[in-house]
Each structure stands twice: as structure tokens, then as C-alpha cells.
Amino acid sequence: MKGLGEALLIKGEDVYLYAILAILGILFILWGIKMAKILSSITLGLMLAYLFYLYTFSATSSVFLGILASLIGLFIGALLGFLLLRVSISILGGIYLTDLFIKYLHIKETSGFLYFILFIIFALIIFFLSNYVIAVVFVVLGALMLWIGLIGLGLPDIGVLIVVIILSVLGLINQFKSKL
């Protein structure tokens, strides 16, 4: 009888892919919050570097000034991405939860004041819980990546399940202890 892992994956194919997936899964499980900050810094830094280059090059037609501006944009974006991760998650989550709350309760006529109050309440709740949410999301994603990677490498289902559960618990403890 085939296990779940055997039914979903072809073992032995793409060994390097499964190994990389398993390594990334471990990194996500153990250091998810730090990785989220690094990824948001890199993303915002690259976006601002690109925008600074486009604006400066179009305004001055100088490649040198464009590159200089893009380096400044990269630095500013990396700092903002690192500092504003929780704020951006809170704003987006507050907007989403406010809209969901209004739709779920079938409130037809609402004032902007009600939207604003609900948004502030939800955004503050999310802001204070964001580190927990980020940690849990990264542990779950990392556990899935690790599970798929180890199953793809041909390890038995029960052994993989035990390893994933142990690492997930250790990862949650590590992330909650180090950040919260």
C-alpha cells in the first residue's frame, strides 16, 4: 500500500530540488520572522532602487546619477522594509478584516467613522499579534516544504512526519523566544 508521500511525489526525480526544498523548509521553520524581515527589506529596497533610477535617469539622462540614485533608493528601501513590515501587515490586515466584518454582519448603511474605528481596532490587534502570525505562517510553510522535500528524497512517511513535527515545535519555540 502506498503512503501519502508516494502517491503525491515521484521519488528519485529532481533530487537537488527536493534537497533545496528541505533546506529552505528548515530555514523557514527556525528563522521565519528574520527571513520575513530580510525578504521585505530586499523587495522594498529593489523596488525603490528601480524607481529612483527611472526617475533620475529620465530627469537627467545621466547613467551615473541614475546608478547613484538607485543605490540611495536601495539603502532607504531596505531600511523601510525592515522597519515597516509589521505596520504594513497591520494596515493590510485591518482593511481586510474591516471589510470582512462589515460584509459578514450584512451592515448596509455605515458611516466612514464606523469603518475608521473598526479599521483602527483590527489594525492594532494585528499589529500586536503580527510576530506570532508571521512565525506560525513561516513554520507551517516551512513544514510543508520540509515534508515535500524529505518525501521526495525517499524517506519513509512516518519518519518524515516525526521530524517535521519535532522541528516545527522547536521552530515555534525558537521564534517566540527570540522575538516575543
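The largest nonpolar core of this predicted model has 10 residues: Ala 22, Ile 29, Leu 30, Ala 143, Leu 146, Trp 147, Leu 150, Ile 151, Val 160 and Val 164. A nonpolar core is a set of buried Ala, Val, Leu, Ile, Met, Phe, Trp, Tyr and Cys residues joined through side-chain atoms within 4.5 Å. Buried means under 20% relative accessible area, exposed means over 50%, and partly exposed lies in between (1.4 Å probe, protein chains only).

The model is predicted, and local features need pLDDT of at least 70, side-chain atom pairs count only at pLDDT 80 or more, and totals for chains, interfaces and linings use all residues. Residues are numbered from 1 along each chain as its sequence is written, and side-chain values use heavy atoms, with hydrogens and water left out.

- Helices (H or I, at least four residues) and strands (E, at least two) are DSSP runs, numbered from the N terminus.
- The largest share of this core comes from α5, with five residues.
- Apart from this core lies another, of nine residues, among them Leu 85, Ile 134, Ala 135 and Phe 138.
- Which residues does Leu 146 touch, not counting residues up to four places away in sequence? They are Leu 21, Ala 22, Gly 25, Ile 26, Ile 29, Val 164 and Leu 167. Contact means heavy atoms within 4.5 Å.

**How α2 meets α5**

- Helices α2 and α5 pack at an angle of about 170 degrees, with their axes 7 Å apart. Axes are lines fitted to C-alpha atoms, for helices over the stretch in contact, and angles run from 0 to 180 degrees between N-to-C directions.
- The two helices, α2 and α5, are therefore roughly antiparallel to each other. Angles over 145 degrees count as roughly antiparallel, under 35 as roughly parallel, 65 to 115 as roughly perpendicular and the rest as oblique.
- By class, the contact of α2 with α5 has 19 nonpolar, six polar and no charged residues. Ala, Val, Leu, Ile, Met, Phe, Trp, Tyr, Cys and Pro count as nonpolar, Asp, Glu, Lys and Arg as charged, and the others, Gly among them, as polar.

**Helix α4**

- Helix α4 covers residues 85-104, which is 20 residues. From first C-alpha to last, α4 reaches 28 Å, close to the 28 Å expected at 1.5 Å a residue. The expected span of a helix is 1.5 Å times one less than its number of residues.
- Leu 85, Ser 90, Gly 93, Gly 94, Thr 98 and Ile 102 are the buried residues of α4. These buried residues pack against α2, α3 (63-83) and α5.
- Tyr 104 is also found in α4. At 66% relative accessibility, Tyr 104 counts as exposed. Its C-alpha is 15 Å from that of Gly 94, 10 residues apart along the chain.
- His 106 follows α4, and its phi is positive, near 55 degrees.

- Ser 130 sits in helix α5. It counts as buried, at 2% relative accessibility. Leaving aside neighbours within four places in sequence, Ser 130 is in contact with Arg 86 and Ile 89. The C-alpha atoms of Ser 130 and Ile 89 are separated by 7.3 Å, at 41 residues apart along the chain.
- Is Leu 46, with a relative accessible area of 52%, buried or exposed? Leu 46 is exposed, and its place is in helix α2. Leu 46 and Leu 71 are 25 residues apart in sequence and 9.3 Å apart in space, C-alpha to C-alpha.
- Ser 61 is found in the loop between α2 and α3. Its phi is near 60 degrees, a positive value in a residue other than glycine. Ser 61 counts as exposed, at 59% relative accessibility.
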